[in-house]
Amino acid sequence: MRCWSNIPFITMPLSRAHGKSFAHRSELKHAKRIVVKLGSAVVTRGDECGLALGRLASIVEQVSMLQNQGREMMIVTSGAVAFGKQRLRHEILLSQSVRQALHSGQSQLKDMAIPVLEARACAAAGQSGLMALYEAMFTQYSICAAQILVTNLDFHDEQKRRNLNGTLHELLRMNIVPIINTNDAVVPPPEPNSDLQGVNVISVKDNDSLAARLAVEMKTDLLIVLSDVEGLFDSPPGSDDAKLIDIFYPGDQQSVTFGTKSRVGMGGMEAKVKAALWALQGGTSVVIANGTHPKISGHVITDIVEGKKVGTFFSEVKPAGPTVEQQGEMARAGGRTLAALQPEQRAEIIYRLADLLTDQREEILLANKKDLEEAENKGRLALPLLKRLSLSTSKLNSLAIGLRQIAASSQDSVGRVIRRTRIAKDLELEQVTVPIGVLLVIFESRPDCLPQVSALAIASGNGLLLKGGKEAAHSNQILHHLTQEALSTHGVKDAVQLVNTREEVEDLCRLDKLIDLIIPRGSSQLVRNIQKAAKGIPVMGHSEGICHVYVDTDASVEKVTRIIRDSKCEYPAACNALETLLIHRDLLRTPLFDQIIDMLRVEQVKIHAGPKFASYLTFSPSEVKSLRTEYGDLECCIEVVDSVQEAIEHIHKYGSSHTDVIISENEKTAEFFLQHVDSACVFWNASTRFSDGYRFGLGAEVGISTSRIHARGPVGIEGLLTTKWLLRGDNHVVSDFSEHGSMKYLHESLPLPQRNTN
């Protein structure tokens with residue numbers, strides 16, 4: 001990848017036989033010949049007093065970048081009539097009597113009568129200025145542009161069609177960007193009902209139909225139609241229930257209600273859809289998107305070509321299953337039904353899932369074997385990730401035990417009263433626990449994560465969307481099937497959904513209307529990418545697991561090597577594994593220090609020396625590149641500190657607020673460490689590996705959070721709940737509590753209902 005201007009410049013082979021449109025957005029990156037249609041609302045400013053120069057400059061930059069990648073770009077532009085109308089209105093105002101303007105006053109000047117301007121005259125006045133602007137902008141990128149004006153007759157006359165086709169091909173061959181527009185200065189008014197005349201003919205009545213006709217004539221791969229709306233909605237944009245349609249299929253017109261056309265220009269959304277469907281029939285893929293307020297990177301054209309979820313994509317291939325938006329709605333509805341079940345019913349579902357994990361062990365391990373074989377054959381996974389991908393009988397048994405713990409502890413999770421207050425006589429307030437809503441959990445190489453997270457979502461009454469890595473596809477499929485089988489026990493099969501579409505993670509992170517919380521489970525890079533991509537949706541997790549063990553001067557010889565070995569070597573790929581070992585300076589060159597080094601060598605742990613540690617040694621291990629490193633393997637950093645206070649300062653500076661440990665027999669020192677280290681988990685004389693939902697008795701965890709709000713540390717059922725307030729009154733109004741009112745606030749705390757401890 002190179003970078004040209006501020007847009008990524010991706011070089012790739014571009015070749016495709018025309019005749020069939022792309023089936024999926026991800027294939028759009030292979031488009032070689034592209035038509036970009038710019039609506040009047042895109043080209044002109046919102047106040048209709050000139051061209052949107054910044055917007056046009058961005059569009060020209062994107063088109064130039066794609067042209068320089070080896071693609072063949074064409075632009076069908078509107079704006080001549082609108083631009084000419086603005087110019088002519090300006091001329092008319094200037095030609096008004098100066099005396100009249102002075103005597104009328106500013107307010108009357110604005111209301112001066114302006115004659116109705118004929119569209120053809122406006123087009124004649126605006127066309128030259130519009131083209132001059134395009135030429136000047138493309139020149140900045142060393143690209144030549146050429147203007148072509150057409151009418152409907154140019155497509156009906158066979159000779160003219162051939163001439164037009166030959167001209168366009170010659171321009172593309174010479175790396176020139178053709179800029180095409182209807183010749184509105186001479187074109188007759190559109191005839192009513194002359195829109196579509198069959199598969200092979202489309203009447204050029206506006207630039208939407210022109211772009212579609214041109215796209216099919218030139219056998220283009222992709223037509224991008226830019227307007228002033230996000231795409232195609234199922235009802236007029238701005239109406240209460242309007243939803244953006246991600247993918248539109250031929251035959252879906254009956255489900256759409258069209259609104260009015262844009263503020264300027266000739267076409268409306270209905271015209272765009274008809275033109276798009278006609279182009280799709282001709283083998284050209286189509287995307288309708290917003291060119292006035294790009295949503296993702298600000299570069300709508302390149303985002304579309306890169307396959308990002310922008311606007312409405314027209315496809316002839318319907319997916320086998322529901323779209324991710326439909327899955328989100330199903331998870332929302334299923335989650336609400338799940339939350340309405342009795343606690344015993346939710347527990348029954350989890351017990352059933354635990355039984356299925358052991359009963360269907362052979363099928364699960366067979367599917368997992370396929371994933372492991374494919375990963376090994378492709379060589380795309382490092383050894384630590386292969387270990388995470390692998391399932392075994394013991395892992396499944398542990399999972400089943402953990403799920404039964406969740407079921408047993410979930411009896412009073414949802415609907416538990418945590419506060420009761422008597423506001424006034426016969427006016428009582430309760431705060432109760434409720435599910436968060438719909439969770440999106442994204443996980444890599446961890447099929448065992450699926451039943452764990454599903455059980456926690458079921459116990460807390462949340463709907464769940466799961467997005468697993470491709471490397472665990474077979475394992476995830478069977479585990480999700482078993483989860484839905486368990487959910488079917490009480491008719492809530494839809495509450496847990498596995499996203500199997502080609503949805504990119506960053507596209508999922510923008511579904512803020514469907515998802516209430518994102519929980520990433522995977523590498524620190526995955527978590528950072530999700531935190532960056534999520535717009536308007538909170539992300540719960542940790543980007544790194546840089547865990548420390550501090551060996552104090554009063555540490556027990558017997559405990560030190562056991563705790564360090566377990567923290568580093570038991571499962572080095574885990575996020576709660578030791579990464580930095582802090583040793584008090586007084587322990588250097590002591591038998592205890594030698595035992596630590598010998599143990600790490602026996603376990604084949606590669607040692608990196610921190611700056612201070614390296615300064616004490618004549619021949620030191622390789623000096624660490626960064627003290628803020630998560631190795632995720634049999635490697636660790638050793639650094640020297642002068643005191644417990646310095647150890648705490650080191651942890652705060654270089655740690656990730658995950659899990660940190662002190663090994664010491666001095667209770668005062670240990671308590672100082674426990675109270676002053678600002679991490680999610682802080683331990684005394686215990687391995688970092690105890691930082692885990694199962695080991696904490698939570699049954700399982702959706703992840704470990706290092707954030708400071710809502711949930712911190714291993715997140716079990718409690719971390720997936722929020723609260724709501726219930727107020728029960730009897731004809732109470734606030735005015736009764738005013739200075740001269742008849743009632744007074746009591747604000748008395750009331751006893752809580754007894755919890756179910758079974």
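**Exercise 1. How many bridges join β12 to strand β25 (residues 721–728), and in which sense do the two strands run?**

Solution. The structure is a predicted model, in which local features need pLDDT of at least 70 and side-chain atom pairs count only at pLDDT 80 or more, whereas totals for chains, interfaces and linings use all residues. Residues are numbered from 1 along each chain as its sequence is written, and side-chain values use heavy atoms, with hydrogens and water left out.

Step 1. Strands (E, at least two residues) and helices (H or I, at least four) are DSSP runs, numbered from the N terminus. Two strands pair if DSSP finds at least two bridges between them.

Step 2. β12 and β25 are joined by eight bridges and run antiparallel. In this pairing, E430 has L726 of β25 as its bridge partner.

Step 3. β12 also pairs with strand β11 (residues 417–424), in the antiparallel sense, over six bridges. Here R420 is the residue opposite E430 of β12. The hairpin of β11 and β12 has two residues between the strands, and D426 takes a positive phi near 65° there.

**Exercise 2. Check the span of helix α12 (residues 324–340).**

Solution. Step 1. The expected span of a helix is 1.5 Å times one less than its number of residues.

Step 1. For the 17 residues of α12 the span should be 24 Å, and the end C-alpha atoms are 24 Å apart, which agrees.

**Exercise 3. Describe the packing of helix α14 (residues 361–378) and helix α18 (residues 473–487).**

Solution. Step 1. Two packed helices are described by the angle between their axes and the distance between the axes. Axes are lines fitted to C-alpha atoms, for helices over the stretch in contact, and angles run from 0 to 180 degrees between N-to-C directions.

Step 1. The axes of α14 and α18 come within 7 Å and cross at roughly 155°. Angles under 35 degrees count as roughly parallel, over 145 as roughly antiparallel, 65 to 115 as roughly perpendicular and the rest as oblique. α14 is therefore roughly antiparallel to α18.

Step 2. The contact is made by E363, I364, A367, N368, K370, D371 and E374 of α14, together with A473, H474, S475, I478, L479 and L482 of α18.

Step 3. These residues divide into six nonpolar, three polar and four charged. Ala, Val, Leu, Ile, Met, Phe, Trp, Tyr, Cys and Pro count as nonpolar, Asp, Glu, Lys and Arg as charged, and the others, Gly among them, as polar.

Terms used. Contact means heavy atoms within 4.5 Å.
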